[in-house]
Amino acid sequence: MSKLIPTPGQTVGPFYGYALPFNKDNELLAPGSAGSIRLQGTVYDGAGDAIPDAILEIWQPDAEGKVVQRTGSLVRDGYTFTGWGRAAVGHSGVFTFTTVNPGPTEAGAAPFISVAVFARGLMNRLFTRIYLPENEEALAADPLLSSLDPERRSTLIARRDADGGLTWDLRLQGGNETVFLDFERVESASQ
Amino acid sequence: MLLDANAGHYQDDDELVPAAEPHAAHAPSDAAVETQADLSAEIEAIGEAYARALKDGAPPETQPRLDFAPYRSSILRHPTKSLHHADPETIELYSPAFGHQDVHALESDLTIQHNGEPQGERIIVQGKVLDGDGRPVAGQLVEIWQANAAGRYIHKRDQHPAPLDPNFTGVGRCITGPDGSYRFTTIKPGAYPWKNHLNAWRPAHIHFSMFGTDFTQRIVTQMYFPGDQLFPLDPIYQSIVDQDARDRLVAKYDHELTSPEWALGYNWDIVLSGSKRTWTENEAFGDAGDEE
Ligand SMILES: [Fe+2]
């Protein structure tokens, strides 16, 4: 089959707030249920200011490392873990998800959560990853992390909170700018 | 409403508040002293530099530039380091599954969500979601949102003094068919002003959000209407510097799709980036999705 040229992306703009969020969008499982953790963070711009108009999506395996293919993310029944969620940041730039610690998808692999970020002023969505901070050995062997210098690498690793939750901030620009990923094999012309 | 300030997901009600003082917003703000001519000169200079690069053998660009200063809000919101190449792994090679449990069939008709008929020009927007190899993306979620016929969003931050339409919300969803097809009935959105510079207007557009078979194909974009006079003036449309690439966001008027004495038809296909997964015969037509 011939390779088609992909359609360009565009900014999500300022007015997604009445369209993309939905009830329990950020609750991959019910808060307080067994195994649930809070994943939270703040989205910052290049001036170090929190931005109030970004929206994030996470997509992750379950606690056993299985990729889930179950419907029901938009109308959650309260017990089916679908692996996907969406959270618009609040006025202070903070987002929150209720989810589980992802398991390793293969023995010895470093577990991570895949992230897509959209914002007013961001021309196209960006992809990144949130790694769990535990299992130094797996993190050291991870193909992506080991291809980054230590300073940049740390932008992809969450902090473990005292209550078992995860904190991970996202910086669109600046000194400790988050590492964003390009999955296309051809050199991207978008920069 | 009383909310934890961190609970960003409770925005729904919060955003559905019409602006109380439509006329206050009408006077151009002092901050917007830059004129369209200033902006157009910047856009033109970037376009000329791109044309020269093309002539010198640079490959055509297919996506918007993340660093596109004429859209002022992008200045502090684009990564300055180049994107890091990564091979997609495990979870990234799959997408969340959506199905008819998630989306009601009536959600694809934006003209029947209230008691009365919305104002404006009724349209049908139809097309296919394909991956980079031309494979239809079946059973996946498509979401749209848009301004009403007067160019006004139901969003409290939209201060444009154009009328709200009590019969139009401007939000739709559907699940693609086995052939990757989607179809919405809606109202042609109006152009609207914004505060990027003095006299900035967005060409009429519908926001689209799509998933592929791999999470790496996730896309949010905007569909435009053919022949819009605002195209050369709009920093968002122009952030895609290649004309062929821009054209991929413009729907085609389709008289065959036009429904007699009912609605005008527009056709627009979306091509996602290539799937990186190794496809088996059984997988190729969307086994993920609606099993329930
Ligand atoms: Fe818009």
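Which residue of β4(B) stands opposite B:I144? In this predicted model, the residue of β4(B) that faces B:I144 is B:G172.

**View 1. Pairing of strands β3 and β4 in chain B.** Strand β3 of chain B, which covers residues 141–146, pairs with β4(B) in the antiparallel sense, and 5 bridges link the two.

**View 2. The open sheet of 4 strands in chain B.** The strands follow the order β4-β3-β8-β9 in chain B, and their pairing is antiparallel. Because β4 (171–175) and β9 (219–224) of chain B each have a single partner strand, they stand at the edges, and one side of each is left without a neighbour in the sheet. From one strand to the next, the twist averages 20°.

**View 3. The iron site of chain B.** The iron ion is coordinated by the OH atoms of B:Y153 and B:Y192 and by the NE2 atoms of B:H205 and B:H207, at 2.0 to 2.2 Å. Along the chain, these donors follow the spacing Y-x38-Y-x12-H-x1-H. The angles among the 4 donor atoms run from 92 to 157°, and the site is classed as irregular.

View 4. Across chain B, 55% of the 292 residues count as buried, while the accessible surface comes to about 13,000 Å², of which 54% belongs to carbon and sulfur atoms. Chain B holds 4 helices and 12 strands.

How values were computed. Residues are numbered from 1 along each chain as its sequence is written. Chains are lettered from A and ligands numbered from 1 in the order in which they are written. This is a predicted model: local features need pLDDT of at least 70, side-chain atom pairs count only at pLDDT 80 or more; totals for chains, interfaces and linings use all residues. Side-chain values use heavy atoms; hydrogens and water are left out. Two strands pair if DSSP finds at least two bridges between them. Axes are lines fitted to C-alpha atoms, for helices over the stretch in contact, and angles run from 0 to 180 degrees between N-to-C directions. Buried means under 20% relative accessible area, exposed over 50%, partly exposed in between (1.4 Å probe, protein chains only). Accessible areas come from the Shrake-Rupley method with a 1.4 Å probe; for residues, only the protein chains shown count as cover. Donors are N, O and S atoms within 2.8 Å of the metal (3.2 Å for Na, K and Ca); water is not among the atoms, so sites may look incomplete. Four donors count as tetrahedral if all angles lie between 85 and 135 degrees; four count as square planar and six as octahedral if opposite donors are over 155 degrees apart and all others between 65 and 115; anything else is irregular.
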